[in-house]
Amino acid sequence: MKQFLLWITVLSLSTGLRAQSMDLSLKDAVSKALAVSPELKKLALNDEKNSHELASNRATFLPDVAASVQLGFNPYLPTQRIPNFFGGNPDETIGVQFGTFQSHQAVVQLNQLIYSKAAKLGREALKKSFELNDLSEELKTEELTYNISKLYFQIQGLQFNRKNLEANLTNLKKLYDVSKARQDAGLGLAIDTDRISINVSNLNSQLEILNAQEQSLMDILNILTGNPTGTKLNLTTTEIASESALPLNEIGNFKTKTLELMDMQKDLIALQADATRAQFKPTIAGNLQVGGQLQGNPIDIFVMKENYSLFTGFGFQISVPLYNGNKFDYKAKSQMVDVMQIEQDKNFLKQGLEQQYVNAYQTYFSNLKQQTEQAANIALAKRIYNVSQDRYNQGVAPLIDVIDAQKSLTEAENLAMITALQIKMALIDLMNIQGNIKEIIR
């Protein structure tokens with residue numbers, strides 16, 4: 001275990017020699033994380049995809065124009081036997097060839113969809129997809145802001161804890177020097193010096209563990225914000241900007257982006273179900289055809305006007321579905337089941353959010369009440385420690401009193417640090433559940 005901690009410390013030190021150091025506020029941390037987030041970049045691509053899908057849908061109501069050219073050559077014309085009316089003998093049949101050696105045709109055809117309820121509803125569903133994607137981006141932004149904020153203050157909590165340990169370690173080292181001097185002068189016992197040495201060793205081990213934990217979390221923050229791994233971050237934001245919290249009797253009034261997203265998903269699926277049903281509705285389309293034909297046997301038919309002929313035609317097509325086994329209706333009903341499932345998911349989520357809010361609310365205010373008392377306990381523990389140390393230096397108090405006082409001071413400081421961190425974590429939870437997490441960086 002000691003070898004592992006030593007390896008972690010050496011690695012951290014060697015990395016620190018190469019790494020840069022930079023100040024980082026919570027607002028900057030969130031901004032950088034949003035700028036490099038692969039998930040947000042992926043969601044941004046959905047808008048581009050939806051734009052192409054919408055353009056494709058609109059194209060169904062634009063003219064569909066196609067041109068075709070057909071070249072035909074008939075070296076051997078088909079022969080058909082008919083009665084010999086030409087010779088006055090209908091009982092006799094003669095062979096007659098129909099067609100020409102060359103038969104070419106060029107046609108331009110235009111098709112136009114005039115009415116389709118399914119295509120119209122499909123376009124409305126695609127437009128709704130843009131709103132859904134925008135809300136998804138907002139939700140992901142809030143989620144990332146929430147995660148970065150918690151990570152930011154967790155690292156800061158470890159840093160505060162480390163500073164307390166370092167301060168206590170400094171005090172113990174001074175006490176060790178005093179105990180060693182008293183031992184050398186014959187006024188103290190070697191066991192007292194050994195006890196202090198053990199405590200110093202324990203604090204050093206705790207400090208190494210804290211350094212490793214801090215570096216691990218800091219590297220995660222570096223990755224999320226796009227900084228080089230190993231960068232030493234000086235976290236400059238120590239307080240949370242907003243401290244608003246809904247009273248417990250109003251927890252049903254908060255609105256989060258998650259609930260809004262689920263409502264929008266329900267609307268989109270319902271619209272898609274209508275579009276599915278609309279596939280069994282009549283459609284109207286029109287068509288126009290313009291073409292030319294060229295027929296003849298000689299090679300020079302292209303320059304002889306009598307070989308050319310033109311033709312045109314137009315019409316309408318009305319398609320009225322009569323029966324398909326209610327296929328589309330059943331599919332639409334299946335989609336509406338998805339809507340009902342989302343509604344149940346929404347109710348389940350609201351129950352979970354309300355429970356989380358109650359827990360965070362109670363944690364926030366209970367720890368807030370403890371802060372004043374803990375500040376008084378730290379002040380009292382410091383006075384007791386100073387008095388015990390002075391009495392030990394004067395030789396009128398045993399070392400155990402100083403060690404106990406030092407432990408009590410460390411515990412009081414650690415408890416205060418944990419309380420302060422819990423207040424910040426609970427407040428971040430409250431703001432996130434209320435949908436106000438963005439206020440934290442304003």
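**Ground rules.** I count residues from 1 along each chain as its sequence is written, and I leave hydrogens and water out, since side-chain values use heavy atoms. In this predicted model, local features need pLDDT of at least 70 and side-chain atom pairs count only at pLDDT 80 or more, while totals for chains, interfaces and linings use all residues.

**The sheet.** I looked up the strand order and found an open sheet of four strands, E2-E5-E7-E8, with antiparallel pairing. Strands here are DSSP runs of E with at least two residues, helices are runs of H or I with at least four, and both are numbered from the N terminus. Two strands pair if DSSP finds at least two bridges between them. E2 (64–73) and E8 (308–319) are the edge strands; each has a single partner, so one side of each lacks a neighbour in the sheet.

**Inside the sheet.** I then followed E5 (residues 102–116) along E7 (residues 283–296) and found antiparallel pairing over 14 bridges. Val107 sits opposite Gly291 in E7.

**Helix H2.** I checked H2 (residues 26–36) and found Leu26, Ala29, Val30 and Ala33 buried (under 20% relative accessible area, 1.4 Å probe, protein chains only). They span an arc of only 95° around the axis, so they lie on the same side of H2; the arc is taken from the directions from the helix axis to the C-beta atoms. These buried residues pack against strand E1 (21–24), helix H4 (117–184) and helix H5 (190–225), where contact means heavy atoms within 4.5 Å.

Note on methods
Buried means under 20% relative accessible area, exposed over 50%, partly exposed in between (1.4 Å probe, protein chains only).
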